[in-house]
Amino acid sequence: MPQKDPCQKQACEIQKCLQANNYIESKCQAVIEELRKCCGRYPKGRSLVCSGFEKEENQTLKSPAK
């Protein structure tokens with residue numbers, strides 16, 4: 001049986017918040033930050049719902065060559 005995703009609860013909270021606020025991301029920043037904190041507590045690859053944040057961080061870290 002697969003392990004439960006440790007940050008699934010936070011991901012669901014983001015979806016609920018976005019739906020309740022007509023998908024206005026700025027109104028859900030606190031909930032998004034909670035997911036970021038959760039993702040930071042686990043090694044990369046441990047949480048499937050954190051994979052989007054991991055990709056975002058990788059793109060931010062890669063700066064275009066000059």
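I started with cysteine 17 and cysteine 28, which form a disulfide (a pair of cysteine sulfur atoms within 2.5 Å) with their sulfur atoms 2.1 Å apart. The torsion about this S-S bond is -100°, and the link is left-handed. Cysteine 17 lies in helix 1 and cysteine 28 in the loop between helix 1 and helix 2, so the pair ties together parts that are eleven residues apart in sequence. For helices I went by DSSP runs of H or I, at least four residues long, numbered from the N terminus.

A note on the source before going further: this is a predicted model, in which local features need pLDDT of at least 70 and side-chain atom pairs count only at pLDDT 80 or more, while totals for chains, interfaces and linings use all residues. Residues are numbered from 1 along each chain as its sequence is written, and side-chain values use heavy atoms, with hydrogens and water left out.

**Burial of the first pair**

I then looked up accessibility, taking buried as under 20% relative accessible area, exposed as over 50% and partly exposed as in between, with a 1.4 Å probe and protein chains only. Cysteine 17 has a relative accessible area of 14% and is buried.

How many disulfides does the structure hold? I found three.

Cysteine 7 and cysteine 38 form one of them, with 2.1 Å between the sulfur atoms. The torsion about their S-S bond is about -95°, so this disulfide is left-handed. Cysteine 7 sits in the segment before helix 1 (8-20) and cysteine 38 in helix 2 (residues 29-40), so the bond ties together parts 31 residues apart in sequence. Both ends are under cover: cysteine 7 is buried at 0% relative accessible area, and cysteine 38 is buried at 1%.

Cysteine 39 and cysteine 50 form another, their sulfur atoms 1.9 Å apart. Here the S-S torsion is about -90°, so this disulfide is left-handed. The pair links distant parts of the chain, with cysteine 39 in helix 2 and cysteine 50 in the loop between helix 2 and helix 3 (51-61), eleven residues apart. Cysteine 39 counts as buried at 13% relative accessibility, and cysteine 50 is buried at 2% relative accessible area.

I wrote down the pattern for the protein chain as 1-4, 2-3, 5-6, counting bonded cysteines along the chain. I also checked cysteine 12, which is partly exposed with a relative accessible area of 35%.

**The nonpolar core**

Next I asked which residues make up the largest nonpolar core. I take such a core as a set of buried Ala, Val, Leu, Ile, Met, Phe, Trp, Tyr and Cys residues joined through side-chain atoms within 4.5 Å. The largest has eleven residues: Cys7, Ile14, Cys17, Leu18, Cys28, Ile32, Leu35, Cys38, Cys39, Cys50 and Phe53. Helix 1 and helix 2 each supply at least two residues of this core, and helix 2 gives the most, with four. In soluble globular proteins, nonpolar side chains tend to be buried together.

Not counting residues up to four places away in sequence, leucine 18 touches Tyr23, Ile24, Glu25 and Cys28.

**Helix 1 against helix 2**

How do the axes of helix 1 and helix 2 cross? They come within 9 Å and cross at roughly 165°; axes are lines fitted to C-alpha atoms, for helices over the stretch in contact, with angles from 0 to 180 degrees between N-to-C directions. The two helices are therefore roughly antiparallel to each other, a term for angles over 145 degrees. The contact is made by Gln10, Ala11, Glu13, Ile14 and Cys17 of helix 1 and by Val31, Ile32, Glu34, Leu35 and Cys38 of helix 2.

Leaving aside neighbours within four places in sequence, glutamine 10 is in contact with Val31, Glu34, Leu35, Cys38 and Arg41.

**Last entry: lysine 4**

I ended in the segment before helix 1, the place of lysine 4. Lysine 4 counts as exposed, at 67% relative accessibility. Lysine 4 and serine 47 are 43 residues apart in sequence and 8.8 Å apart in space, C-alpha to C-alpha.

Methods. Contact = heavy atoms within 4.5 Å. Parallel < 35°, antiparallel > 145°, perpendicular 65-115°, else oblique.
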